[in-house]
Amino acid sequence: MKTTKKIMVSGIQPTHKLTLGNYLGALKNWVKLQEEYQCYFFAVDLHAITTRQDPKELGNNTLFALATYLASGIDLNHATIFVQSHVRQHTELAWVLNCFTYMGELGRMTQYKDKSSRAGETIPVGLFTYPALMASDILLYQADLVPVGADQKQHLELTRDIAIRINNLYGPLFQVPEPYIPKIGARIMDLQNPEDKMSKSSSNEMGAIYLNDSPKEIEKKFKKAVTDSGSEITYSPDKPGIKNLIDIQSAITGKTPEELVLSYQGKMYGHLKIDTANLVTEELKPLQEKTQTYLKDKAELQNILRKGAEKAAEKAETTLRKVYSAVGFVPY
């Protein structure tokens, strides 16, 4: 008997340059899951403008992100890729969800509290309502599964609350999504501050491995990676620098942390750093080459994105019309 695949939705902000954390924590897992699920992957450029962006840079980063999706192994036979702003239903549903989301819920979001404390009095409204747009991104496609980093789990929990609230009022309009958080590789840490996640917007570029870094840059960053006191290579929370390097190797090789630790008995931190640099360089080399191939044919890349947006919009419009009808909007 033929069964309908469950739906998976995810996206990455095309701000700054994509990092090794984006690749190991998101893209590699997307590739693993794409045959099992009906997938919608997109570049979330609407979310990106909650902070000021250089327009040209945002456009270039968006195309780079989507070319990287394809280069990572996203198969258009299994997945739909597109740009968030190309599908108008994202913002249209977001407005409806804003009207069913409470100020107190949004004010409790950790990311909002962190970012608004740095923004001072010039806090964009979009930064506050960001989670409602994220909920729209997910609920439009009736997602069953959402791969999220630990820092986005709170937003997904709010998405579930909003979906349940509206379903209780109007009937089963939305599928209530579940999170997918891989055990290894979901949270690659900063090389200079291993207590923090590796970020595209890191204030110290030595802490992040960018997907377009050269082999020399990768080696330099790993050699200067902050490690821990002592000299024994162990996998332990009290050695976050060493633990992070082992997590990176585990995500690439598929070996368990325990297997990797055994292979480093009697070796020094320097061996671990160089080996990790070499592994990352070899892992990224074909990805970098394929990404540039897609970027060189902008017309074909735009064609892929146009078709993806059309396919996504068809699915999204079905959900939006159901919601509009439920809340009492006149059909069009």
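Author: Let's start with contacts: two residues are in contact when they have heavy atoms within 4.5 Å. Keep in mind that this is a predicted model. Now take threonine 159, which touches Met134, Ala135, Ile138, Leu139 and Pro177, leaving aside residues up to four places away in sequence.

Reader: Where is threonine 159 found, and is it buried or exposed?

Author: Threonine 159 is found in helix H8, residues 153–170. For burial, the cut-off is under 20% relative accessible area. Threonine 159 has 0% relative accessibility, so it counts as buried.

Reader: Okay, let's zoom out. What does the secondary structure of the chain come to?

Author: It comes to 13 helices and five strands. The radius of gyration is 21 Å, close to the 20 Å that the globule rule gives for 332 residues, so the chain is as compact as a globular protein of that length. The C-alpha trace spans about 70 × 50 × 45 Å along its principal axes.

Reader: And how much of the chain is buried?

Author: Buried residues make up 51% of the 332 residues.

Reader: What about the nonpolar cores?

Author: Think of a core as a set of buried nonpolar residues joined through side-chain atoms. The largest one here has 57 residues, and Leu20, Tyr69 and Phe222 have the most contacts inside it. Helix H3, residues 55–72, gives this core its largest share, eight residues. Apart from that core lies another, of 39 residues, including Val146, Val148, Leu158 and Leu320.

Reader: Which residues does phenylalanine 222 touch?

Author: Not counting residues up to four places away in sequence, phenylalanine 222 touches Leu20, Leu191, Ile209, Leu245, Ile248, Lys273, Thr276, Ala277 and Val280.

Reader: Now the backbone. How do I read a phi angle?

Author: Most residues other than glycine have a negative phi. Glutamine 142 has a positive phi of about 55 degrees, although it is not a glycine. Glutamine 142 is found in the loop between helix H7 (125–139) and strand E4 (145–147). With 15% relative accessibility, glutamine 142 counts as buried.

Reader: Last one: how many positive and negative side chains does the chain have?

Author: There are 40 positive and 38 negative side chains, and the centres of the two sets lie 2 Å apart. As for the surface, the accessible area comes to about 16,300 Å², with 52% belonging to carbon and sulfur atoms.

Terms used
Residues are numbered from 1 along each chain as its sequence is written. This is a predicted model: local features need pLDDT of at least 70, side-chain atom pairs count only at pLDDT 80 or more; totals for chains, interfaces and linings use all residues. Side-chain values use heavy atoms; hydrogens and water are left out. Helices (H or I, at least four residues) and strands (E, at least two) are DSSP runs, numbered from the N terminus. The radius of gyration is taken over C-alpha atoms; the globule rule is 2.2 Å times the number of residues to the power 0.38. Buried means under 20% relative accessible area, exposed over 50%, partly exposed in between (1.4 Å probe, protein chains only). Accessible areas come from the Shrake-Rupley method with a 1.4 Å probe; for residues, only the protein chains shown count as cover. Lys and Arg count as positive and Asp and Glu as negative; His and the chain ends are not counted. The place of a charge is taken as NZ of Lys, CZ of Arg, CG of Asp or CD of Glu. A nonpolar core is a set of buried Ala, Val, Leu, Ile, Met, Phe, Trp, Tyr and Cys residues joined through side-chain atoms within 4.5 Å.
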